[in-house]
Amino acid sequence: MFGGSFDPPHSAHVALARAAVTQLQLDVLLIVPTGQAWYKERALSAPEHRLAMSQLAFDGLEGVQVDARELQRPGPSFTIDTLEALQAENPGAQLYLIMGKDQFAAIKSWHRWQDLVRIAIICIAERAGPARTEAVFDPQIQLSHPLVPLQLPLMPVSATDIRRQIMSGAATPQDLARLVPEPVARYIERHRLYIPA
Ligand code: ATP
């Protein structure tokens, strides 16, 4: 499982998904756009836009499927609920949870994180750029649970930065096409996403 707000999905997300399928030899990688995460201060773009962009970004990748369940779930959406549902649907399967290191650094703030690290193997990609959280990587977690590093070149791209560039008018269509998959760039332009009303 690879969860994210995907607002919008960008080139590092796609590279991470490819790396995970190959390096972990996954049967399937589920891309799970999150509902409004309790810890994100800003309102996310509408679920239908994030789902459509995720499908455009990931659907062509071998072994990858977009799963809309968290977008359809009313109320707060927790990763552990999705992992438990996946465990029930796939008895005996080994679950992996894919994330960037910024997310892992804050994992102790996640709902029922102890259960989460017990039922899924956490796979972590390094993340370029300044620290995105005050939380520090806790080596204790590393000692008591299996953690798998994912090999991925550092990619200094973030959805926040992409939204800012579009909002300020700094991103040309060519810039955008470098930062996000091309069909996602076209979708953003067609729906005028991230442009102040
Ligand atoms: P935002 O800037 O809005 O917080 P984001 O770029 O971090 O967005 P998310 O959808 O929140 O994107 O991220 C989903 C997952 O992808 C997270 O686990 C995050 O750590 C990881 N990720 C995002 N960008 C990168 C990157 N450049 N390198 C490695 N991992 C990344």
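The largest nonpolar core has 41 residues, and those that touch the most other members are Leu29, Ile31, Phe58, Ile98, Leu150 and Ile188. A nonpolar core here is a set of buried Ala, Val, Leu, Ile, Met, Phe, Trp, Tyr and Cys residues joined through side-chain atoms within 4.5 Å. Buried means under 20% relative accessible area, exposed over 50%, and partly exposed in between, with a 1.4 Å probe and protein chains only. The model is predicted: local features need pLDDT of at least 70, side-chain atom pairs count only at pLDDT 80 or more, and totals for chains, interfaces and linings use all residues. Residues are numbered from 1 along each chain as its sequence is written, and side-chain values use heavy atoms, with hydrogens and water left out.

Helices (H or I, at least four residues) and strands (E, at least two) are DSSP runs, numbered from the N terminus. Helix 1 gives the largest share of the core, eight residues. Apart from this core lies another, of 21 residues, which includes Phe104, Trp113, Ile122 and Ile124.

Rings of Phe, Tyr and Trp (its six-membered ring) pair if their centres lie within 6.5 Å; planes under 30 degrees apart count as stacked, over 60 as edge-to-face and the rest as tilted. The structure holds two aromatic pairs. Phenylalanine 2 and phenylalanine 6 have ring centres 5.4 Å apart and planes at 80°, so this pair is edge-to-face. Phenylalanine 6 and phenylalanine 58 have centres 5.4 Å apart and planes at 70°, so they too are edge-to-face. This second pair links distant parts of the chain: phenylalanine 6 lies in the loop between strand 1 (2-4) and helix 1 (11-24), and phenylalanine 58 lies in helix 2, 52 residues apart. Phenylalanine 6 is buried at 1% relative accessible area, and phenylalanine 58 is buried at 0%.

Helix 10 (residues 182-190) has Val184, Ala185, Tyr187 and Ile188 as its buried residues. Seen down the helix axis, they fall within an arc of 160°, so they line one face of helix 10; the arc is that of the directions from the axis to the C-beta atoms. Their cover includes helix 2 (47-58), helix 8 (159-167) and helix 9 (173-179). After helix 10 comes arginine 192, with a positive phi near 50°.

Terms used
Contact = heavy atoms within 4.5 Å.
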